[in-house]
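Q: I would like a close look at one part of this model, the place where its two chains meet. Please take me through it in one connected account.

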Protein chains: 2
Amino acid sequence: MTTDTPARLLQLLSLLQTPREWPGSELADRLQVSRRTVRRDVDRLRELGYPVQATMGADGGYRLVAGKALPPLVLDDEEAVAIAVGLRAGAGHAVEGIEEASVRALAKLEQVLPTRLRHRVNTLGAATSSLVYSGGGDGATIAPETLTVLAAATSGHERLRFSYEAGDGARTRRLTEPYRLVSAGRRWYLVAYDMDRDDWRTFRVDRVSEPFATGARFVPREVPTGDAAEFMRATVWRGSPTFEIDVAFAAPVAEVARRLPPAFGTPEATGEDSCRLRSTVKDSLEWAAMRLAMTGVDFTVHGPAELVEQVAQLGSRLTRATSA
Amino acid sequence: MTTDTPARLLQLLSLLQTPREWPGSELADRLQVSRRTVRRDVDRLRELGYPVQATMGADGGYRLVAGKALPPLVLDDEEAVAIAVGLRAGAGHAVEGIEEASVRALAKLEQVLPTRLRHRVNTLGAATSSLVYSGGGDGATIAPETLTVLAAATSGHERLRFSYEAGDGARTRRLTEPYRLVSAGRRWYLVAYDMDRDDWRTFRVDRVSEPFATGARFVPREVPTGDAAEFMRATVWRGSPTFEIDVAFAAPVAEVARRLPPAFGTPEATGEDSCRLRSTVKDSLEWAAMRLAMTGVDFTVHGPAELVEQVAQLGSRLTRATSA
DNA sequence: CTCAATTAGGTCGTGACCTGTCCTACATGA
DNA sequence: TCATGTAGGACAGGTCACGACCTAATTGAG
């Protein structure tokens, strides 16, 4: 009923996003305007960079096609929920390089998601595996809400308060100026300026709880090394153990590569039906052992000894499980 | 530089979707209009149902918050790619009930996705596991493109041509009027009217290849049973196997529940440090075995025999892997 | 407390723009 | 060949969008 022009344009955009053809007369009917105006509106959309394709002749119509710019997505409730759930489930084990964009998109969506849909996302999301792959071991799971709150505070330059659990289990409350959220391997880190300590810190996101933005904005400081990822690497990667793993698979290289997480890198072929993987793994070999098991192909662990131990332990546990 | 009003509104909407506060003066600056006009535009957005929250006082500003309706999402390139990849990866093993919405959203996005982004999605998507969980088993994977083409043709009422592989391996070309895309368990089915056979059929999507919409529209016929899902169930449902699993854990119920995917349901306590899980699993026990292994606690499989077999097989593979 | 910075909203005049109604040209499928 | 669709020009009338200027209310900092 809103006879407003911009409103009508938005409505037209949403109609055209349905993957079907719309005859001008039907559009005119829906939008409560004359067919001439519909043509003008279509022209306007085209001028805005959204390519509306028109098929001529009888049985013709309008349809939005791929162009240079991405038009604003008009989603219905179910689609929005599906995207949110997919993003939550996917953000953790997503492909290298898009985890952060994934979280940004999720933050953007959740910012405007109506509460009734938020409930549905929460209940549905609870049914999926947790966001970050919980390699069975240290239970380092991250609530999707935590990630989105951190992402929002970071990009909005808002001070952030949260409770942090140190390595020794002690919990402290922190007031920080978050600078960047970085995904490294299967862990997330927050590079932030700690207001209490008066210095830069990197926080492991899985140890952050009850985060909330204070609302107070700040002007970003200069990061010590100039780059947040650099700083994170420098502060975090020293001290945590690294392992050089070496595993042989009894399957074609293509198949193994397909079933292995890309973070492991690519195995190299050693024969028609065999290949070998050499890679460096940080911190937790339990995770590595699990991913090897999940490939579903036969393999042999050549090293290091710690990985042999992990795999053997897992194997014996499974064997015990069936011997009762 | 387009001084157009609707264009400016869209731009404002995209600015406000960034999770941060925007002072009116900055918005006026960016949009090249007076502050008064910015206020008017904000009013307009509010009238359209998009709740723009304004914080008063010094250091105030505007920000888009959750409301009743979902505003059109304005995404940048990376976010769009992240959503597409997440949707592709998630659509297959997503939560019950949203698979179809997931595919609809993906079809909507891909319809307008610029080609340069489509390339990125393809290359990134190739690195992830295939869309439908390939439980190591029958290799019934579905290309995401196939699903989106079918979804688009279905909702656009366009005739669909594809090559179909029957159970005996014979390939035939089909011309159909697609009626609905149904997800059931791990499989996807297309309920369509077969123009050559002159009758309704259900097609398994994993056996469809080279689908494309002819562009010719049709008027939907009446489905025999009135409901497509009903029809599919009647024609296809030969009961995919279901298993009643029964597993005992040597750990407190709370810990086990935390490490188990919620889809399994909740185990019940059988003692201080033990609990038992009874649940039904459809179709793939390999997945169940994997998730049990991932709990990282000792357990005993009581049944069924197939699950014992799966776990034993996995255990022996791991043991072999370390015995070299 | 006081000041500064912000949102909120009213009014007014000018000019641009938006709409519907004509009209013609062109493309396409039956 | 005809029906039906898009494409787009011309025009008149009314509307509405913009900026300038004003006052009020709210909030945080000094």
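To begin with, how many salt bridges does the structure hold over all chains, and what does the meeting of chain B and chain A look like in detail?

A: Happy to walk you through it; please keep in mind that this is a predicted model. Over all chains, the structure holds 38 salt bridges. Between chain B and chain A the count is 14.

B:Asp76 forms a salt bridge with A:Arg104, where the closest N and O atoms are 3.3 Å apart. This pair crosses between chains: B:Asp76 sits in the loop between β2 (61-64) and α4 (77-92) of chain B, while A:Arg104 belongs to helix α5 of chain A. Another salt bridge joins the side chains of A:Asp298 and B:Arg320, with 2.6 Å from N to O.

On the side of chain B that touches chain A, helix α11 (residues 305-322) of chain B gives the largest share, 12 residues. That side of chain B divides into 50 nonpolar, 18 polar and 23 charged residues.

Now for the extent of the meeting. Here 91 residues of chain B are in contact with 93 residues of chain A. The area buried between the two chains is about 8,300 Å², and carbon and sulfur atoms give 63% of it. B:Leu70, B:Lys108 and B:Arg217 supply 9% of the area that chain B buries against chain A, more than any other three residues.

Spaces lined by both chains are worth a look too. The second largest pocket holds about 1,000 Å³ of space. Its lining has 40 residues, and those closest to the pocket's centre are A:Lys108, B:Gln11, B:Ser14, B:Thr18 and B:Val74. Helix α5 of chain A, which carries A:Arg104, is among the elements that each supply at least two residues of this lining, as are α1 (5-17) and α2 (24-31) of chain B. By class, the pocket lining has 21 nonpolar, nine polar and 10 charged residues.

The structure also holds three cavities of 30 Å³ or more, and the second largest cavity has about 40 Å³ of space. Residues from both chains line that cavity: A:Pro6, A:Leu10, B:Leu9, B:Leu10, B:Leu13, B:Leu45 and B:Leu48. The largest share of this lining, three residues, comes from α1 of chain B. The cavity lining divides into seven nonpolar residues, with no polar and no charged ones.

Note on methods
Residues are numbered from 1 along each chain as its sequence is written. Chains are lettered from A and ligands numbered from 1 in the order in which they are written. This is a predicted model: local features need pLDDT of at least 70, side-chain atom pairs count only at pLDDT 80 or more; totals for chains, interfaces and linings use all residues. Side-chain values use heavy atoms; hydrogens and water are left out. On a 1 Å grid over the protein atoms alone, a cavity is a set of points where a 1.4 Å probe fits but cannot get out, and a pocket is an open set with protein on both sides within 12 Å along at least five of seven lines; lining residues have an atom within 4 Å of a point. Grid points are joined across faces, edges and corners, and a volume is the space filled by probe spheres set on the points. Helices (H or I, at least four residues) and strands (E, at least two) are DSSP runs, numbered from the N terminus. Ala, Val, Leu, Ile, Met, Phe, Trp, Tyr, Cys and Pro count as nonpolar, Asp, Glu, Lys and Arg as charged, and the others, Gly among them, as polar. Contact means heavy atoms within 4.5 Å. Buried area is the accessible area (1.4 Å probe) that two parts lose on being put together, summed over both. A salt bridge is a side-chain nitrogen of Lys or Arg within 4 Å of a carboxyl oxygen of Asp or Glu.
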